[in-house]
Amino acid sequence: MKILLIGYGTMNKITARLAEEEGHEIVGIIAGSGKDAPYPGFKTIDEAGADVAIDFSHPELLLPLLEDDVKTPLVIATTGQKEEIVSILKEKSTSLPVFFSANMSYGVHVMNTLLKKALTMLDEFDLEMVERHHNKKVDAPSGTLVKLLDTALEHRDGSYPVYDRSNVHEKRKKEEIGVSAIRGGSIVGTHDVIFAKDDEVIEITHQAQSKEIFANGALKAANVLVNRPNGFYDYNNLFEER
């Protein structure tokens, strides 16, 4: 594949290395000013002539690019401003194949599937969610936790997230879903979903031990996406036969 990278931070540097090890070609990058890269720079997505574009960037870079009439298949991993980005991508998907995931790890997709099942069986349990990441991550809570939270909100009628209890001086309400974000050191990424009831606790945890899992996930998605018809894809439908 000929791959265009949108963003050239840590994640797409890893993606470039792994892609070239697999025999793919990095035809160029779109990145902010001051980025020193061994690839040609482009201002728009289609001018690179790539088979697919892989995005690990941020909304300030991605959203202006999506204002163009893009035809290149897109693998998008930007997590900030999720609702706005997904809405635009769904509009674009009528004329090109688009894959979006708040977390490119297939294991996180499995975690979300397990969560859906647990929610149908543990409705009497209190629910808390905790995510931990390195001290350079700028958005909180993480896109992955937002995805897990969305799943919980869809399955628990009347539930709502609570992000801060520092000024609350009353017992926890059943409808609450506690959300906590931890930032420190070089933590790659850990997500915990905690079901708690009197005398028992059930936890679903995903721990990323290397950022390569996200780059490998993006490349796996790209390999499949380039052969898919126009449409909006995620891990729930990308590998289905059509």
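Tyr235 is buried, with a relative accessible area of 7%. This description rests on a predicted model. Tyr235 and Phe239 form a stacked aromatic pair, with 6.2 Å from centre to centre and 20° between the planes. Phe239 itself counts as partly exposed, at 31% relative accessibility.

The structure holds five aromatic pairs. In one of them, the ring centres of Tyr106 and Tyr235 are 5.4 Å apart and the planes stand at 80°, an angle over the 60 degrees required, so the pair is classed as edge-to-face. This pair links distant parts of the chain: Tyr106 belongs to helix H4 (residues 106–121), whereas Tyr235 lies in the segment after strand S11 (231–233), and the two are 129 residues apart. Tyr106 is partly exposed, with a relative accessible area of 42%.

The two pairs described here are set out below.

| Pair | Centre to centre | Angle between planes | Class |
|---|---|---|---|
| Tyr106 and Tyr235 | 5.4 Å | 80° | edge-to-face |
| Tyr235 and Phe239 | 6.2 Å | 20° | stacked |

Tyr106, Tyr235 and Phe239 are among the members of one aromatic cluster, which also includes Phe99.

Lys220 lies over the face of Tyr106, at 5.4 Å from the ring centre. The charged end of Lys220 also sits over the ring of Phe239, 5.2 Å from its centre.

Notes. Residues numbered from 1 in each chain as written. Predicted model: local features only at pLDDT ≥ 70, side-chain atom pairs only at ≥ 80, totals over all residues. Heavy atoms only, no water. Phe/Tyr/Trp six-rings, centres within 6.5 Å; stacked < 30°, edge-to-face > 60°. Helix = DSSP H or I, 4+ residues; strand = E, 2+ residues; numbered from the N terminus. Buried < 20%, exposed > 50% of the residue type's maximum accessible area, 1.4 Å probe, protein only. Lys NZ or Arg CZ within 6 Å of the ring centre and 35° of its normal.
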